[in-house]
Amino acid sequence: MVEHDRTGAGDPREELAARLRLLQELSRRGVRALARDAGLSSSSLSRYLGGQTVPPWPAVIALCRLVQRDPRPLRPLWERASNPLPAPPKTSRQVPPPAPPAGAPRPPRNDLPRDVPDFTGREAELAAVLDGVAGSRVIALDGMAGIGKTCLAVHAAHRLAADYPEAQLYLDLHGFTEGRRPLDPDRALRTLLAALDVPSEKVPQDGGVEELAACWRSELAHRRAVVVLDNVADADQVRPLLPGAGPSVALITSRNRLLGLDEVPPVSLDVLTEQESAELLARASGEVDGPEGRLARDPGSTAEVLRLCGRLPLALRLAAARLRHRPGWTVGILVERMAEGASEFDTAFAMSVRQLDRAKARLFRLLGLLPGSSFDEHVAAALVDVSLRSARAMLEDLLDAHLVQQPAAGRYHLHDLVHQHARRATTEQDSPAERDRALTRVLDYYVHAAAAADTAMPFLSLSREASVDRPPAELPHFQDKIAALIWFGTEYLNLLAAFEAAEEAGADRHLCELPRFMRAYFARRCGTTMLNGLFERSLAAARRLDDPLQLAEAHSDLGFARYNAGRMAEASAAYEAATALVLRAGDVRAEAELTMRRGYLRWDEGYVEEPLGLFRLAGKLYADAGCPMGAAQATAYEAWALLQLGHREEAAQLARTALEIPHADGAWPPTLTALITLGVAIADEDPDEAVGHLHRALALAREDGHRHNEAWCLNCLGVALRQMGRHEEALASHERAFALLDALFEDHWKIHFLSAYGETCRLAGLPDQALRLHRQALELAPKLGNRHAEALAHEGIAAVLDATDPTAAAEHRAEGRAALPESEPAA
């Protein structure tokens, strides 16, 4: 998985605070509970977590012990944070903290919709909002639909942005969107955490909303961020999303008074005053030329427009748009057209829609069917089956008519009332068959677009092309994986909404394929919990289809999701179910991918010989299927398995073969695997070339922001340097690898590195440290079910004890042989 970590660089006080916040997340306690259990005051702990104060070392020890973590890796960082001068090196092997990934830092996230240029009135309400957040940091705006709650909240957020520069977030919770369920807190929290680029290893995967909310509050605690939570249904929906300790602020909007949020001051909105309404109508219509304007020449009709609009900002803007685009109209004509409607909403909507030609009116109606919250021109083009250019032109006209909003460049949105009107209109005017065809085209678009984005960000599997119906004529262009990640982040909620819509519509093929193309993004940003749930429902859809290949791939996909969640027994069962179905379907590529996945699983279960055979078989199957990228992947992992068995020459040859297949992404997993394998395999015969390969792999991992791969590269660099006799450099490389894992609190990953590190310590003349590392591996391996690592640990301990206790050494070697799985070679 490729992750982006925010805790590795910057001021040591802030870095220490970030590490302490990770401890709080692991504890699953609030600040008060954590302070109580650690024997600290809650006010002091808040200062420690916020980075205002460096805690005394005993406080750090108490927090680490509370979550059963070794505090010693934090000691160098605590010393740097406590002393403004760099701490002097203790030994020649002390290394600096790991460098941050290469490349310029990403700018702060800003999701705020565009501030309306004609914001009018609301001086008292705006002052109340700004004063409220200054005092309580959270404010709730309530009022009827169309009253301007979102407009005021967004305007206030733009005013606050300079004081809260680290993030400006906006999330529509769809509390009142017709045809959509309100966004549940779990999904909302994961969306907000992804918006902050929080790596998935820091986001709780198997806990409930409370754990996610604690993680969200921890991330906000050290940021100055402003968050707009729009269209809230009730207090229960929004309560977990509120910031905790720290400077961040939140603005909430709802049609209901949120009485359940006793601590949040409300600001209730009424309709505009008559003067404010007249001013907004004038500004929005462009009638600001004084007494010569149409409004000024006919004050009676102008007053009637204000009455028909009910002094509601949304209705006023819709009416003003008609005047602005009809210079030949008088205000009296506007009144006549508006009078045909039934209410202030319907008069404004009906009048605006009547001005559209047939094609634009059809687009407007069908927009009411969209499952997502926002959309772009590609979605609109698919919806009505027109070219991208035509969709863009029609959206511009709808934008001018204020029937759609444009919260950001290239993104469009329907106000809830407009969405409701469009949905009612399409139900009345379009046949069920036409509505079904339109929705199917949108679902087709999302599947094919997700497939294109997935292709631009390769992962540990190779997705086949989308097969649902016909692909749209025009798809987004993804130049690289960064562009694909941005698209997935933008469309995340829409993709989930499309999945829900497909399930409701009985579109089983879409249910099978959509999650398949989202798994790489989930691995990078959203973790595994949601993906497991989607694949469970995909499997049910595949069973309804009764298509052997779809059913086989659904079992395989669910197994891969289970594997990534660490649910190994369930992954094995899913792969077992997929195997017979794949053979029955006769799809060689699907068989190759399943074989690779079984190889990964068996490797993590501590086998070596069996994964080697599976990787070899997968390579042959990929070649038979005409898939060179898959063959390169299988070859790279076959080379790695051979290296673990001591076959260095063959491993090096296969690694070079894998590297000969070019790929646009240098950090593609097979490329990294081949570079690392080659570097270790030739360390004895060509040290310079070996170090070059390993440094290239390390640079690629850092550039990709993948801390786990960076640690892997550093550990293998240590192995290669040890083989060259450069023990001091090797130890430094191992230490840097473990510092990264300590920073990520990924103790289970250490099982892959402990034996190598221990062997380097033994050869460097540090037997006590070697024993400690091997014994740590011996304790960890049975917990993880990794029998190969357990055997290596026994062999490592035996090698250390050979000189001092041959009897104990022989006993460990015997236990190591017993620990190996059947048919596996001795360590």
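1. The structure holds eight cavities of 30 Å³ or more. A cavity is a set of points, on a 1 Å grid over the protein atoms alone, where a 1.4 Å probe fits but cannot get out. Volume here is the space filled by probe spheres set on the points, which are joined across faces, edges and corners. Rolling a probe the size of a water molecule over the atoms shows where empty space is left.

2. This is a predicted model: local features need pLDDT of at least 70, side-chain atom pairs count only at pLDDT 80 or more, and totals for chains, interfaces and linings use all residues. Residues are numbered from 1 along each chain as its sequence is written, and side-chain values use heavy atoms, with hydrogens and water left out.

3. Look at the second largest cavity. About 90 Å³ of space lies in it. Its lining residues (those with an atom within 4 Å of a point) include His174, Arg180, Phe375, His413 and Asp416. The lining divides into four nonpolar, six polar and two charged residues. Ala, Val, Leu, Ile, Met, Phe, Trp, Tyr, Cys and Pro count as nonpolar, Asp, Glu, Lys and Arg as charged, and the others, Gly among them, as polar.

4. Next, a sheet of three strands. Strands (E, at least two residues) and helices (H or I, at least four) are DSSP runs, numbered from the N terminus. Two strands pair if DSSP finds at least two bridges between them. This open sheet has the order β7-β9-β8, and its pairing is antiparallel. The edge strands, β7 (374-375) and β8 (405-408), each pair on one side only. Two bridges join β7 to β9 (residues 411-413). Serine 374 stands opposite histidine 413 of β9.

5. Contact means heavy atoms within 4.5 Å.

6. Is β4 enclosed or open to the outside? Six of its six residues are buried, so β4 is largely enclosed by the rest of the structure. Buried means under 20% relative accessible area, exposed over 50%, and partly exposed in between (1.4 Å probe, protein chains only). In a regular strand the side chains alternate between the two faces of the sheet. Ala225, Val227 and Leu229 point one way from β4, while Val226, Val228 and Asp230 point the other way.

7. Six bridges pair it with β3, and leucine 171 has leucine 229 as its bridge partner. Four bridges join β4 to β5 (residues 249-254). Valine 227 stands opposite alanine 250 there.

8. β2 (residues 138-142) pairs with β6 over three bridges. Aspartate 142 has serine 268 of β6 as its bridge partner. Five bridges join β2 to β5, with isoleucine 139 partnered by leucine 251. Five of the five residues of β2 are buried.

9. Last, threonine 635, in helix α30 (residues 628-644). Threonine 635 is buried, with a relative accessible area of 15%. Leaving aside neighbours within four places in sequence, threonine 635 is in contact with Leu654, Thr657 and Ala658.

Key:
1 Å grid on protein atoms, 1.4 Å probe; cavity = no way out; pocket = protein on both sides within 12 Å on 5 of 7 lines; lining within 4 Å.
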